[in-house]
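The sequence and structure come first, and the description follows.

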Amino acid sequence: MDSTAEKSGKKTSANTYLTLFLSTFKISACTFGGGFVIIPLLRKKFVEELHWIEEEEMLDLTAIAQSSPGAIAVNASILIGYHVAGVPGALITILGTVLPPLTIISVISAFYKSFRDNIYVSMAMTGMLAAVAAVITDVVFNMAGDIFRRKDVAAVLMLVLAFIAVRYLKVNILIIILVSALVGAVRTLSKEKAEKERGF
Amino acid sequence: MVLLQLFLSFMKIGVLSIGGGYAAMPLIQNEAVELHGWLTMTQFADIMTIAEMTPGPIAINSATFVGIQAAGIPGALVATAGCVLPSCIIVLTLAYIYYRFRGLSLIQGILAGLRPAVIAMIASAGLSLIILSIYGQKTLPADLTAVQVIPVIIFLVSFAVLRLRKPDPIMVMASAGISSVILLSIFG
């Protein structure tokens with residue numbers, strides 16, 4: 001599986017591109033709630049229905065999509081498109097994934113001002129803002145709970161320090177991300193080194 | 001040159017947001033509200049609400065919205081392109097490395113290192129939204145008891161339901177919107 005692009009280059013037809021576009025377009029247009037929801041849907045389509053990607057591979061693609069910067073849904077689409085039909089396939093799936101939100105938000109933005117000035121809309125937005133705040137708090141509780149449960153002291157410390165840095169010291173986000181990435185890299189390398197020395 | 005500025009800002013957001021939609025949120029707040037003033041804090045809160053209610057990734061939804069507010073449809077296209085470009089390059093490079101070496105342990109180690117920082121940043125942006133929601137302003141007021149009662153109730157009920165029942169967030173948002181119209185019409 002070293003060169004999927006080349007391999008699939010032979011069998012890539014206009015039909016494949018069309019299927020790639022329509023599948024990602026439909027999934028993106030109907031998916032509320034971002035990356036963690038879209039991946040199971042992509043898996044169902046491309047692994048179970050079309051059999052274009054193997055189960056095991058899909059797990060690895062998911063790991064790459066989640067570890068890369070950017071929207072998980074876009075990343076996953078890029079990987080699937082690339083896997084099936086090389087770079088042109090990736091471009092097609094990006095288009096399929098990006099077009100629905102781009103169109104929907106453009107339309108909403110056009111009406112945003114008059115929409116926002118409506119008294120009932122404004123009342124509803126007041127409540128929905130409180131609900132979004134609750135949804136995000138819930139997400140934070142889930143994510144942080146995961147870290148605390150693993151009793152990883154260094155990670156808990158990093159979480160607290162990062163929160164103070166970003167919230168109260170107004171440290172540049174770029175610096176926080178670079179330092180955290182470095183800590184992660186050093187921890188992995190030293191762990192691997194320790195394992196090697198122990199003879200694993 | 002607002003188009004170039006939009007492109008660069010969203011490219012930065014694209015590079016730095018690791019771990020999905022909510023991770024992009026604090027970065028968008030930083031770029032669009034604090035650095036460039038393309039959005040007010042209320043507009044930022046609105047787009048987070050709209051992004052949650054409409055399909056598609058939060059980052060793409062916000063890129064489109066910020067782009068349009070700052071520079072119309074060309075702005076939306078440029079911001080979205082900026083947001084997607086880094087993913088494209090980085091994901092394809094990682095895919096190449098993956099197929100060549102099948103080893104991701106260092107990448108996963110870096111990801112594990114980033115997770116606490118990402119959570120901290122989401123928590124901070126979430127706190128900003130809570131403050132805006134219950135006090136109606138960006139910063140904490142001198143009198144911490146000066147809360148808006150109805151948003152506080154909706155926040156607490158939504159949070160309790162989310163923790164206990166794990167419903168679809170869309171349902172929570174929709175119910176909160178409807179209850180808010182009813183409550184504010186009666187008591188507001």
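Predicted model: local features only at pLDDT ≥ 70, side-chain atom pairs only at ≥ 80, totals over all residues.

Sorted by class, the contact of helix 2 of chain B with helix 3 of chain B comprises seven nonpolar residues, one polar residue and one charged residue.

As to geometry, helix 2 of chain B spans residues 21-35 and helix 3 of chain B spans residues 41-53, and the two pack at an angle of about 150 degrees with their axes 11 Å apart. Because angles over 145 degrees count as roughly antiparallel, helix 2 of chain B and helix 3 of chain B are roughly antiparallel to each other. The crossing of helix 2 of chain B and helix 3 of chain B is right-handed.

## Domain arrangement

Chain B is divided into domain 1, covering residues 2-137, and domain 2, covering residues 148-188. The centres of these two domains of chain B, taken over C-alpha atoms, are separated by 26 Å, and the contact takes eight residues from domain 1 of chain B and seven residues from domain 2 of chain B.

## Area buried between the domains

Between domain 1 of chain B and domain 2 of chain B, the buried area is about 660 Å², and carbon and sulfur atoms give 73% of that area. On the side of domain 1 of chain B, 64% of the area buried against domain 2 of chain B is supplied by B:E52, B:M53 and B:I134, which is more than any other three residues supply.

Notes. Residues numbered from 1 in each chain as written. Chains lettered and ligands numbered in written order. Heavy atoms only, no water. Axes fitted to C-alpha atoms, helices over the stretch in contact; angles between N-to-C directions. Helix = DSSP H or I, 4+ residues; strand = E, 2+ residues; numbered from the N terminus. Parallel < 35°, antiparallel > 145°, perpendicular 65-115°, else oblique. Left-handed = near helix turned anticlockwise from the far one by under 90°. Nonpolar A, V, L, I, M, F, W, Y, C, P; charged D, E, K, R; others polar. Domains from an automatic or database assignment. Contact = heavy atoms within 4.5 Å. Buried area = accessible area lost by both parts, 1.4 Å probe.
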